[in-house]
Amino acid sequence: MIGGEFIVHGSQQDAVMHVADPKFPGLKGVEDFKIKEEWYALKNFAPDLHVILVQETKGMKDDPYQRPDFPATWARKHEKGRVFYTSMGHRDDVWKNEIFQNLLMGGLAWALGNVEADVTPNLEKATPSAGELPKKK
């Protein structure tokens with residue numbers, strides 16, 4: 001498991017990404033931002049995640065997002081390896097976005113061991129209610 005389990009994705013829409021770790025490689029100077037994407041809804045997060053970006057669900061449409069904020073981008077160590085994950089990257093305009101490009105390059109550099117970052121688990125601090133799922137109708 002990469003750190004979380006895919007549930008589903010809804011319609012493409014704008015959402016706010018909260019920067020939980022502004023010191024992570026590629027995020028220097030980046031503050032919370034809004035971006036249009038085909039967002040994944042995720043569950044069953046590994047307790048050792050180091051959350052980098054938090055998916056704000058307030059104002060999002062579709063049932064899968066009627067829940068508390070949850071991790072959208074994270075890093076973690078897995079035995080001797082390094083795992084970097086982001087739910088962004090489904091749209092051409094996202095790939096052209098400078099924030100996404102810098103985040104992706106920083107995450108890859110960290111995963112390859114070319115740069116260091118503090119990836120102390122912060123799931124409970126960054127997204128304390130991430131385990132709460134939408135109520136079934």
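1. Thr-127 is buried, at a relative accessible area of 3%; buried means under 20% relative accessible area, exposed over 50% and partly exposed in between, with a 1.4 Å probe and protein chains only. Thr-127 sits in the segment after helix H3 (123-126). Leaving aside residues up to four places away in sequence, Thr-127 touches Val-51, Val-54, Asp-69, Phe-70, Pro-71 and Asn-122, where contact means heavy atoms within 4.5 Å.

2. On the basis of the model: it is predicted, so local features need pLDDT of at least 70 and side-chain atom pairs count only at pLDDT 80 or more, while totals for chains, interfaces and linings use all residues. Residues are numbered from 1 along each chain as its sequence is written, and side-chain values use heavy atoms, with hydrogens and water left out.

3. Helices are DSSP runs (H or I) of at least four residues, and strands (E) of at least two, numbered from the N terminus.

4. Just after H2, Gly-113 has a positive phi of about 85 degrees.

5. The buried residues of H2 are Phe-100, Leu-103, Leu-104, Gly-106, Gly-107, Ala-109 and Trp-110. Their cover includes strands E5 (50-55), E6 (70-78) and E7 (81-86), and helix H1 (92-95).

6. Phe-6, in strand E1 (residues 5-9), is partly exposed at 41% relative accessibility.
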